[in-house]
Amino acid sequence: MAASGSGASDGLEAHCTIHDSMRGKVQCNYCGKVVSGKFRLKCHLAGMRGDVIPCTEVPADTKKLFHDMVLEQKDASNKAFNREVLNLGTQETPSKRKRGPGTNGCTPRKSQSTESAGSRKSEEIISISEYGSEHLSPLSEDVERTFSEGKEYRSSMRARLVGRFFYENGIDLDAVNSPSFQEMMNAMVGNAHSDDEIPSYQELKGPILQEEVKEMRQYVQTVRQSWETTGCSILLDGWIDEKGRTLINFLADCPRGPIYLSSTDVSSCVGDVDAFLSILYGVVEEAGLDNVVQVVAWSSESWLEDASRQFIERYKTALWSVSASYCIELMLEKIGMMSSVTGVMEKAKTLVEFIHTHTAGLEITSTQTLGHELIKPQKIMSAIPYMTLENIVLGKKKLREMFQSSEWSTSVLALSEEGKKVADLINNPSFWSGARMVLKATVPLLRLLCFIRRDDIPQAAYLYETMDQVKETIRNEFKKNESMYMPFWKIIDEVWNTDLHSPLHAAGYFLNPSLFYSSDFYCDGEVAFGLLCCMVLMAHDRETHALISFQLDNYRHAEGAFAEGSAAAQMNISPVDWWSRFGGECPELQRFAIRIFSQTCDGSSKYGLKKDMAEKLLDGTRNRADQEELQDLTFLSYNLHLKQFHSKAG
């Protein structure tokens, strides 16, 4: 039946049907989507994204009606919300700050007397909690707790939140004096109170920065304390800037989250391995020799390869590996250079460029492919061509229909040489067979790349086995025809053997109970050597090494608690949880296994740290005071970014 009640005044009853009156759920009359509450329904009908999917069937005039209605309601809600915030309590501000009218006392709020006012306030609370609560930082949680308890909301908190926005995004602090920034803040808090709410440039550089740095150092220390149990990986985030300098950000990664350590200009070390290792060893030593399990480089450039060999030979305290995502991208790049693949990719590029260059082509694509985009957005640039090719193959039927349609045949483009070339390409069976051949080899690698970018599984426990599965999948795709799959296998093996493989991956394979206790587990020389290598490097004394060797026999033969654990290994339980539950009788082996699984296989590129902060820090043109301030800003900016990344991933 049609909805009734409070929604009637908005005209909603003609656009929805009650689905669950007890829970306030209504169903859109146009697309059948069930949503909670009238405000979400309005957003749904208005085509506004947020916490609801827009309706695709609503008439244009109805969509505009509700779009205007939602904007008007949001504007009114924001103004009401700001007024209530300002009336929460006395604003205690530093004596040097100018007080605005009405900040010396508090006027108790009157209770809402009308049903409509109560409904609006209820909707505001829902909107605030659903959009923001899951990503709140500790400081933000304090702010929300202050609201919910009706306590005083100090201006220093607001000032720190403003400061945090500047610091995290690396914004020039002088922007606080920008007229447009002042206007924005005035619009949010009101002209009368803006002086109390907007921090000054001096405060952003001074006390607020110091408070934020102090809080971040406490967070970093908490992360560091976890290294005693899990160990950590030192990630090298290197690049060449516009001045030709080779710069590196040093990060530390562990299950508690990544943290930024320092930045260094290593330009003079590119041809001097000893100098570079001296810098690197200083970073490792500062993190703790017993804590660092591995160093993960951003690439396999020749000077880094030289450094990796000497690092292991000289220090014998940690492993060296190369970012797994970099290595998979390298495989894709090398496959793209094969003559049989290059021709297919060039033809696909021609097709995509033609459609996305010509307006008429775009209009036809929208009509014939139901808005299906050929280019699939992807942060990893090397994956885009192959994912685009996959999209083309998936849209083969629609593309053929497009180029065989009357709209196409009567268009100007159909008569052009370029148009005829593309139409012939679409109707050429060899293009489609070539595209399928490329995808048989690359799609498994693309899936592996997505796997490596995940943060919800211990990568070291599965990478070794997953790499084998990728190769087997490729072989099966080519019906085990050796002449077809072997050229791709050779490229994969080349990158695996020279860059990607680490003893850590082999040890992770051996110590992963779901694999070890399976019927098809296979321990070859590579696996045995990898396990032994990790034991030598990670067990820093002979007694611990001997204990791990002895306890490995219990694990191999499923003795003691491992007997029960071997049966549970095939259940849906993570390797870390398994060892925590069943490895207690073998504490040295348990610690060894958990440390293995706590390491990442990927590098620093996934975090997407901006390079400009480090480039400014390392230009060496500032006086001591300014340099120390920039060090604090860089430390804070990078760690805020990494902390947010980890909280979202978790």
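Which residues in α14 meet which residues in α20? I looked this up before anything else. Ser340, Val341, Val344, Met345, Lys347 and Ala348 in α14 meet Phe431, Gly434, Ala435, Met437 and Val438 in α20. A contact here means heavy atoms within 4.5 Å. By class, the residues of this contact are 8 nonpolar, 2 polar and 1 charged. The classes I use are nonpolar for Ala, Val, Leu, Ile, Met, Phe, Trp, Tyr, Cys and Pro, charged for Asp, Glu, Lys and Arg, and polar for the others, Gly among them.

**Ground rules**

I note that the model is predicted, that local features need pLDDT of at least 70 and side-chain atom pairs pLDDT 80 or more, and that totals for chains, interfaces and linings use all residues. Residues are numbered from 1 along each chain as its sequence is written, and side-chain values use heavy atoms, with hydrogens and water left out.

**Helix crossing**

I went back to the geometry of the pair. Helix α14 covers residues 339-357 and helix α20 covers residues 429-452. Their axes come within 9 Å and cross at roughly 115°. The axes are lines fitted to C-alpha atoms, for helices over the stretch in contact, and the angles run from 0 to 180 degrees between N-to-C directions. I recorded the crossing of α14 and α20 as left-handed. Left-handed means that the near helix is turned anticlockwise from the far one by less than a right angle, and right-handed that it is turned clockwise.

**Whole protein**

I have 31 helices and 8 strands for the protein. Helices (H or I, at least four residues) and strands (E, at least two) are DSSP runs, numbered from the N terminus. Of the 650 residues, 48% count as buried. Buried is under 20% relative accessible area, exposed over 50%, and partly exposed in between (1.4 Å probe, protein chains only). Among contacts between residues at least 6 apart in sequence, 66% join residues at least 24 apart.

**Second largest pocket**

I looked up the volume of the second largest pocket and found about 630 Å³. Its lining has 25 residues, and Arg453, Ser605, Lys606, Tyr607 and Gly608 are the closest to its centre. On a 1 Å grid over the protein atoms alone, a pocket is an open set of points with protein on both sides within 12 Å along at least five of seven lines, a cavity is a set where a 1.4 Å probe fits but cannot get out, and lining residues have an atom within 4 Å of a point. Grid points are joined across faces, edges and corners, and a volume is the space filled by probe spheres set on the points.

β4 (232-240), α13 (324-336) and α31 (624-649) each give at least two residues to this pocket lining. The largest share, 4 residues, comes from α31. I counted the lining by class as 7 nonpolar, 10 polar and 8 charged residues.

**Cavities**

How many cavities of 30 Å³ or more are there? The count comes to 4.

The largest cavity holds about 90 Å³. Of its 11 lining residues, Arg164, Glu215, Met216, Leu640 and Lys643 lie nearest the centre. α5 (155-168), α9 (207-225) and α31 each supply at least two of the lining residues. I have 4 nonpolar, 2 polar and 5 charged residues in this lining.

The second largest cavity has a volume of about 40 Å³. Asp290, Val292, Val293, Thr317, Met538, His540 and Arg595 line it. They divide into 3 nonpolar, 2 polar and 2 charged residues.

**Single residues**

Is Cys16 buried or exposed? Cys16 is buried, with a relative accessible area of 3%, and lies in strand β1 (residues 16-20). I also noted that Cys16 and Val35 are 19 residues apart in sequence and 10.0 Å apart in space, C-alpha to C-alpha.

His505 is in helix α23 (residues 503-511) and is buried at 2% relative accessible area. Leaving out residues up to four places away in sequence, I find His505 touching Ala460, Leu463, Tyr464, Trp496, Leu500 and Cys601.

Lys479 sits in the loop between α21 (459-477) and α22 (482-500). Its phi is positive, about 55°, although Lys479 is not a glycine. Lys480 is found in the loop between α21 and α22, with a positive phi near 60°. Most residues other than glycine have a negative phi. I noted Lys479 as exposed, at 72% relative accessible area, and Lys480 as exposed, at 54%.
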